[in-house]
Amino acid sequence: MDHQRSSALLDEALALDWTQPRVILIEDCVETNGAFLLHHLLKRSLALHTSTSAVIFLALSQSFSHYDRILRKMGCNLIAQKDNKRYFFFNLLTLECPGGDEGKISGGLSSLYREIQKVIAALHEENRKNITIMIDDISLLEVATNGSTNHVLDFLHYCHTLTLEFGCLLVTVNHGDIYSGMERPALLLQMEYLADILIKTEPLATGLATDVHGQLTVLNKGNCEGQGNSNSRNRTHNFHFKVKENTVDCFYPGTRT
């Protein structure tokens, strides 16, 4: 099917080995929201290893019902996955993490990290083989900590240690355009540095088009030895995309018919 081939184009660019530690940063903007990439990776995380995978989802941007509605259209039932102890949803829409000792992770984020550790510790040994941690909006973590970039960075670094300890996949979303008009902030620079794969969504240079929603750039650094397709590591992939109700079409410029 066409949508399978177009999704395969994205998967080939990502070249993921789901048993190895990776950090994926999705960087979007107002004109080209990157939530569809989060949905794609969420479905892939739950579908690839039906008996040995688990997803820990930190939701600061949208509710459980929002994601369940979208994933149902994509053929994935999050309620069933939650009941089967494969999908762990943290509703953080009202998260507030004021304070925190100087140089240490703030109290609220420290508690959140301990909760993530508890979830992983309670997993069956088989389910620890393929753990994905997703954060749907890093910028809202900054809001929750009253703008404390250091506390957010500490939390993200702790999550990064989990990827190394358990071979987790860490997927995060940030909005590049909220920093427009200012020097690139430490949070964005640090996340780009930590990321093994950087995915950017941008509007077309030629402006709006009815059959193309934007352009996608996938920078696959291939930082982990032996991971992925060697042809995809250390390469930049560029293609256009169009978001549909239950999938996304990815295609090279000029190949759309």
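Residues are numbered from 1 along each chain as its sequence is written, and side-chain values use heavy atoms, with hydrogens and water left out. In this predicted model, local features need pLDDT of at least 70 and side-chain atom pairs count only at pLDDT 80 or more, while totals for chains, interfaces and linings use all residues.

Helices and strands are DSSP runs, numbered from the N terminus (helices: H or I, at least four residues; strands: E, at least two). Accessibility is given as relative accessible area (buried, under 20%; exposed, over 50%; partly exposed, in between; 1.4 Å probe, protein chains only).

Ala15 has a phi of about 50°. Ala15 sits in the loop between helix H1 (2-14) and strand S1 (22-28). Ala15 is buried, at a relative accessible area of 9%. Lys85 has a phi of about 60°. Lys85 belongs to the loop between helix H4 (78-83) and strand S3 (87-91). Lys85 is exposed, with 56% relative accessibility. A glycine with positive phi is found just after helix H3: Gly75, at about 90°.

Helix H3 itself spans residues 64-73. Its buried residues include Phe64, His66 and Tyr67. Asp68, Ile70 and Leu71 are buried as well.

Thr172 lies in strand S5 (residues 169-175). Thr172 is buried, and its relative accessible area is 0%.

Strand pairing was examined next. Two strands pair if DSSP finds at least two bridges between them. Strand S7 (residues 214-220) and strand S8 (residues 235-243) run antiparallel. Seven bridges join them. Within this pairing, Leu216 stands opposite Phe239 of S8. S8 also pairs with strand S9 (residues 248-251), again in antiparallel fashion. Four bridges connect S8 and S9. His240 has Phe251 in S9 as its bridge partner. S8 and S9 form a hairpin, and four residues lie between them. In a regular strand, side chains alternate between the two faces of the sheet.

The cysteines were then searched for disulfides. A disulfide is a covalent bond between the sulfur atoms of two cysteines. The criterion was a pair of cysteine sulfur atoms within 2.5 Å. The count by this rule is zero. Cys168 is in no disulfide, and the nearest cysteine sulfur, that of Cys159, is 9.2 Å away. Cys168 is buried, at 0% relative accessibility. Cys250 is buried too, at 4%.

Salt bridges were defined as a side-chain nitrogen of Lys or Arg within 4 Å of a carboxyl oxygen of Asp or Glu. The whole structure holds seven of them. One of these joins the side chains of Asp196 and Arg22, at 3.8 Å from N to O. Asp196 lies in the loop between helix H8 (186-194) and strand S6 (197-202), and Arg22 in strand S1, so the pair ties together parts that are 174 residues apart in sequence. Asp196 is buried, at 7% relative accessibility. Arg22 is buried as well, with a relative accessible area of 1%.

Arg72 is partly exposed, at a relative accessible area of 42%. Asp68, in contrast, is buried at 9%.

Another salt bridge is formed by Lys118 and Glu115. The closest N and O atoms are 3.4 Å apart. Both residues lie in helix H5 (residues 107-122). They are three residues apart, about one turn of the helix. Lys118 is exposed, with 52% relative accessibility. Glu115 is partly exposed, at 35% relative accessible area.
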